[in-house]
Amino acid sequence: MSGTTEHLPATGLAWHLARRPEGPATAEDFALREIPVVPPEEGSVLVRNRYFSVDPYMRGRMNDVKSYTPPYRLDHPMDGGAAGEVIASRAAGFEPGDLVVHGRGWREYATVPADTCVRADTALAPLSAYLGVLGMTGLTAYAGLLDVASFRPGETVFVSGAAGAVGSQVGQIARLKGAARVVGSAGSAQKVRLLVDEFGFDAAFNYKDGPVVGQLRPLVPDGVDVYFDNVGGEHLEAALSRMNVHGRITVCGMIAQYDGAPGPAPRNLALLIGKRLRMQGMLVGDHERLRPRFVEEVSGWLREGRLTYRETVLHGIERGAEAFLGLMRGENTGKMLVALDG
Ligand code: NAP
């Protein structure tokens, strides 16, 4: 084994699901507990996590329902994207000090099969970027726009959840790929300013200021060719009403209904017929084949300063639940992360 067991910690902290939420998740649904650190067996590495990701899909995993990812088990450590440093290895090709991304977040120390780790090249971008702009949310934006929606230069794109990790990247990729017009919606005046001033959207609005359809209409005088949906509900209904013939809708997320009962919208799905719209759900895991092209293209744009990104980082493992709850309330700009300092 590389790295000596002598200096390995015996225990570490990990967030557990303490209770399944009814309606919006609350701090009482989570518990931070000490767990044993498992020394790596053959083919595994022990990682000291430096960051873990909190993501909207985790709200679905807190419910006891069958879905595309298994539900979190009550009183068990939670998991999700994480990035950290290998501190002991029993896997060929991995040494202490290597930086990797893996799937056992929400904890300080993770023992993981080496074949589930992806190396992070910090010459290209800081480690945290591998959980956002160069990681899962970045690939979601790239694949959802270019592959699922078959975006073409000269088209008008509308993105909801536009100041978040996925949305802010969708808007910028659309611009970089030659969109005629990019419009976004977000939940505060400050985020709306950021969309235009920093992320280069042509126009943006605060969906909390009034009905979405009324705010969207004047901003897309030539209609919408691609709607990238992160929100669902009223946003989807408004987008459907403004879609052009042969438009495409990527159904990436419906965060408006993750915390409670789904609302009545959209009531105008019949528009799919006359407008010959294509509306397609996506899961980022289906688009792994795009990863090499995605990493090459996005790291190039980052290097050239043509693409920018924001992160909202809460420091300290004890802030994990707070970070997740803040994400669901819109307290993040760009990718929401927890940093495990020290
Ligand atoms: P994010 O956008 O960085 O954070 C979530 C944002 O959602 C919050 O900042 C908040 O911003 C907004 N929000 C919360 N409640 C809302 C509501 N009721 N109505 C409108 N907006 C609301 O998160 P992300 O990781 O980038 O994910 C964005 C979406 O993509 C989510 O729906 C997620 O589930 C989905 N996703 C899907 C895949 C896939 O493979 N299909 C992969 C990754 C993410 P405001 O301040 O603007 O309200």
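This is a predicted model: local features need pLDDT of at least 70, side-chain atom pairs count only at pLDDT 80 or more; totals for chains, interfaces and linings use all residues.
Which residues line the largest cavity? Residues are numbered from 1 along each chain as its sequence is written, and side-chain values use heavy atoms, with hydrogens and water left out.

Domain 1 covers 5–132 + 310–339 and domain 2 covers 136–285, with bounds taken from an automatic or database domain assignment. Over C-alpha atoms, the centres of domain 1 and domain 2 are separated by 29 Å. Contact (heavy atoms within 4.5 Å) links 18 residues of domain 1 with 15 residues of domain 2. About 1300 Å² is buried between the two domains, 55% of it from carbon and sulfur atoms; buried area is the accessible area (1.4 Å probe) that two parts lose on being put together, summed over both. G132, R310 and M328 give 31% of what domain 1 buries against domain 2, more than any other three residues.

Charged pairing also features here. Two salt bridges cross the interface of domain 1 and domain 2, a salt bridge being a side-chain nitrogen of Lys or Arg within 4 Å of a carboxyl oxygen of Asp or Glu. D259 forms a salt bridge with R59, and their closest N and O atoms are 2.7 Å apart.

Now back to the opening question. The largest cavity is lined by G132, V133, T137, A165, S168, Q169, Q172, T308, Y309, R310, G334 and K335. A cavity is a set of points on a 1 Å grid over the protein atoms alone where a 1.4 Å probe fits but cannot get out, and lining residues have an atom within 4 Å of a point. The largest cavity holds about 80 Å³ of space, its volume being the space filled by probe spheres set on the points, which are joined across faces, edges and corners.

Terms used. On a 1 Å grid over the protein atoms alone, a cavity is a set of points where a 1.4 Å probe fits but cannot get out, and a pocket is an open set with protein on both sides within 12 Å along at least five of seven lines; lining residues have an atom within 4 Å of a point.
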